[in-house]
Amino acid sequence: MLASGTGSNLQALLDASATGGYGARVVAVGADRDGIAALDRARAAGVPAFVRRLGDFPDRAAWDQALAAACAEFAPDLIVLAGFMKLVGPAFLGAFGGKVINTHPALLPSFPGMHAAADAVAYGVKLTGCTIFAVDAGTDTGPVIAQAAVPVHDDDDAAALHERIKVTERALLVGTVGRMVREGWSVQGRKVRIGS
């Protein structure tokens with residue numbers, strides 16, 4: 001799993017993997033910066049953790065290769081980007097294409113980018129939600145794996161809406177990762193199928 005912040009999605013996956021029958025476990029946590037709560041959560045759970053800071057490499061391509069190499073050391077079946085605030089590049093996707101998923105706090109393709117909740121409030125939609133998608137070379141453009149709806153209340157601001165979305169997102173992520181690992185998945189064009 002790759003993270004950049006508090007690691008609430010990481011904690012949800014750690015908690016789920018501690019229960020019998022979940023079928024998936026977090027083998028390592030990577031980050032793009034030091035001193036974040038996600039790394040503390042990993043260490044508290046006894047999960048190996050590593051940091052690959054962009055500023056420690058001569059360019060983005062070298063960072064991307066180093067990140068891919070660090071992840072490859074743990075031979076993951078699936079890589080979850082949850083709150084990871086960097087775009088992975090060609091070397092990373094070349095190594096793990098079809099095995100990298102991300103979360104987004106909107107019903108893609110609506111409201112891509114960094115300010116999805118604020119964009120939803122500003123647009124005046126009555127329903128938004130969260131998406132789990134297969135990562136491709138674009139920004140929030142990969143094939144949709146799972147989605148869940150969250151209503152937008154009349155008095156919502158971006159922060160309140162985003163907090164409600166995060167609760168739904170954690171549950172969706174835990175359920176989706178568990179199913180993918182237990183049942184397998186395939187990606188064909190824009191369609192992702194879980195199970196046979």
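Select Tyr-123 first: with a relative accessibility of 67%, Tyr-123 counts as exposed (over 50% relative accessible area is exposed, under 20% is buried and anything in between is partly exposed, using a 1.4 Å probe and protein chains only). Before you click on, note that this is a predicted model, where local features need pLDDT of at least 70 and side-chain atom pairs count only at pLDDT 80 or more, while totals for chains, interfaces and linings use all residues. Residues are numbered from 1 along each chain as its sequence is written, and side-chain values use heavy atoms, with hydrogens and water left out.

Rings of Phe, Tyr and Trp (its six-membered ring) pair if their centres lie within 6.5 Å; planes under 30 degrees apart are stacked, over 60 edge-to-face, and the rest tilted. By this rule there are 4 aromatic pairs. One of them, Trp-63 with Phe-84, has ring centres 6.4 Å apart and planes at 15 degrees, so it is stacked. Trp-63 sits in helix H3 (residues 60–72) and Phe-84 in the loop between strand S4 (79–81) and helix H4 (90–96), so 21 residues separate these distant parts of the chain (helices are DSSP runs of H or I with at least four residues, strands runs of E with at least two, numbered from the N terminus). Both Trp-63 and Phe-84 are buried. Back at Phe-111 and Tyr-123, the pair is edge-to-face, at 5.9 Å centre to centre with 65 degrees between the planes. Phe-111 is in the loop between strand S5 (100–104) and helix H5 (116–123), and Tyr-123 is in H5, 12 residues away.

Next, pick Asp-32. You'll find Asp-32 in the loop between S2 and H2, buried with a relative accessible area of 6%. Which side chains does Asp-32 make polar contacts with? One is Ser-4, at 2.7 Å, and another is Lys-86, at 3.0 Å. (A polar contact is a pair of N or O atoms within 3.5 Å; within protein, one must be able to donate a hydrogen and the other to accept it, and residues adjacent in sequence count only if both atoms are side-chain atoms.) Leaving out residues up to four places away in sequence, Asp-32 also touches others, including Val-51, Leu-54 and Phe-84 (contact means heavy atoms within 4.5 Å).

Jump to Trp-185, in strand S8 (residues 185–188). Trp-185 is partly exposed, at 24% relative accessibility. Its side chain reaches the backbone oxygen of Gly-98 at 2.9 Å.

For another stop, show Glu-169 in helix H6. Glu-169 is buried yet has no salt bridge, and the nearest side chain of opposite charge, Arg-170, is 6.4 Å away. (A salt bridge puts a side-chain nitrogen of Lys or Arg within 4 Å of a carboxyl oxygen of Asp or Glu; Lys and Arg count as positive, Asp and Glu as negative, and His and the chain ends are not counted.) Beyond four places in sequence, Glu-169 touches Asn-9, Thr-103, His-104, Pro-105 and Cys-130.

Asn-9 leads you to helix H1 (residues 8–17), where Leu-10 and Leu-13 are also among the buried residues. The buried residues of H1 pack against strand S2 (29–31), helix H2 (37–44), S4, S5 and helix H6 (158–183).
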